[in-house]
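Welcome! Have the picture open as you go.

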Amino acid sequence: MGENKPYLAVIFVQAIYGGMFLISKAAFNGGMNSYIFVFYRQAAATLFLAPFALLFEWKNRAPISFVTLCKTFLLSLFGITLSLDINGIALVYTCATLAAAITNCLPVITFFLALLLRMEVLKMRTASGIAKLTGIVACMAGAATLAFYKGPHFKPFCHHQIFGSHELVGHVSSGKTWIKGCFLMFLSTTFWGLWLVLQTGILRSYPSKLLFTTLQCFLSSIQSFAIAIAFERDPHQWKLGWNIRLLAVVYCVRTKKLSAICLILFLLGPTSSKGKFMTWTYSVNR
């Protein structure tokens, strides 16, 4: 049972991601601005992670240089802020199912980027190489099917709205809007994969993972605020009430961040071989 804990942890984290897409989509359908949602999410994540970072790693923290800080800023900009903002726009254009499907292509995209940067090797004549190629083809085929084939719409047996608002009923996207959303979702996941690949170099010079995560969330909250205030200046849009908007922010921060960090960083261990594989395959601090 002990050897299976890492895989059970990853399955649990992926289930959390599925719920995140569903609740985020409901919030966007309810009128919440996607840029504002990203800002609240990153700002709340910073406040949530800071005590853990100070408690576990502040005393033994590694010094951070100006060059590393600049790299972290750019990494946060492309890998977190722009990735999440583009993902939010794509989720408005498409649906939560497609978002979850393309997100599951993250290992494939990350592997391709690692190949381009010569950080991975694909040996076609070995069993592991054939297994990797088979997995890549199957993953991309499944995502392409969901992206380009839209079957008939299912009518739910229960017509009661979970969140008590008819505004949350998702609209049917047009063909052009759907394709645009698929492209943006793929672009967002590509930024995500690039973030996974490039952060390994920074972690060599700054190995304090939890402090590094908190710093990225802090920088991303500043960046996302600048983007959100540029696109939306209506004070009404910035208000959070006791509704789906607040639920979406709280869910993304508390459930996703706490579960992922505890299960991956502490359960798997930052130096174990499985821990390295999981942090490459699944993002836990974005």
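A90 counts as buried, at 0% relative accessibility; buried means under 20% relative accessible area, exposed over 50%, and partly exposed in between, with a 1.4 Å probe and protein chains only. The model is predicted, and local features need pLDDT of at least 70, side-chain atom pairs count only at pLDDT 80 or more, while totals for chains, interfaces and linings use all residues. Residues are numbered from 1 along each chain as its sequence is written, and side-chain values use heavy atoms, with hydrogens and water left out.

**Exercise 1.** Find the element that holds A90, then list the contacts of A90 beyond its neighbours within four places in sequence.

*Solution.* 
- Step 1: A90 lies in helix α3. Helices (H or I, at least four residues) and strands (E, at least two) are DSSP runs, numbered from the N terminus.
- Step 2: Contact means heavy atoms within 4.5 Å. Leaving aside neighbours within four places, A90 is in contact with G181, L184 and M185.
- Step 3: I80 is buried with a relative accessible area of 0%, and its C-alpha atom is 8.0 Å from that of F191, 111 residues apart along the chain.

**Exercise 2.** How many helices and strands does the chain have?

*Solution.* 
- Step 1: Counting gives 10 helices and 0 strands.
- Step 2: Next, burial: 46% of the 286 residues count as buried.
- Step 3: Then look at contacts between residues at least 6 apart in sequence: 86% of these join residues at least 24 apart.

**Exercise 3.** Check whether the length of α2 agrees with its residue count, then look for a kink.

*Solution.* 
- Step 1: Helix α2 covers residues 34-57, which is 24 residues. The expected span is 1.5 Å times one less than the number of residues, so α2 should span 34 Å.
- Step 2: The end C-alpha atoms of α2 are 33 Å apart, which agrees.
- Step 3: A kink of about 30 degrees lies at L49, shortly before the proline P51. The bend at a residue is the angle between axes fitted to the seven residues ending there and the seven starting there.
- Step 4: At the N-terminal end, N33 caps α2, with a side-chain oxygen 2.8 Å from the backbone nitrogen of Y35.

**Exercise 4.** Which residues have the most contacts inside the largest nonpolar core?

*Solution.* 
- Step 1: A nonpolar core is a set of buried Ala, Val, Leu, Ile, Met, Phe, Trp, Tyr and Cys residues joined through side-chain atoms within 4.5 Å.
- Step 2: The largest one has 54 residues, and F37 and Y40 have the most contacts inside it.
- Step 3: Helices that each supply at least two residues of this core include α1, α2 and α3. The largest share, 10 residues, comes from α2.
- Step 4: Not counting residues up to four places away in sequence, F37 touches S24, F28, M32, A248, V249 and C252.
- Step 5: As background, nonpolar side chains tend to be buried together in soluble globular proteins.

**Exercise 5.** Is T214 buried or exposed, and what does T214 touch?

*Solution.* 
- Step 1: T214 is found in helix α8.
- Step 2: T214 counts as buried because its relative accessibility is 11%.
- Step 3: Beyond residues up to four places away in sequence, T214 touches T46, L49, A50 and A53. L49 is where α2 has its kink.

**Exercise 6.** Compare two loop residues, S208 and L122.

*Solution.* 
- Step 1: S208 sits in the loop between α7 and α8, whereas L122 lies in the loop between α5 and α6.
- Step 2: S208 is buried, at 7% relative accessible area; L122 counts as partly exposed, at 26%.
- Step 3: The side chain of S208 reaches the backbone nitrogen of A62 at 3.4 Å. S208 touches E57, N60, R61 and A62, not counting residues up to four places away in sequence.
- Step 4: With the same exclusion, L122 touches F111, L115, G129 and K132.

Methods:
Polar contact = N/O pair within 3.5 Å; in protein donor to acceptor, adjacent residues only side chain to side chain.
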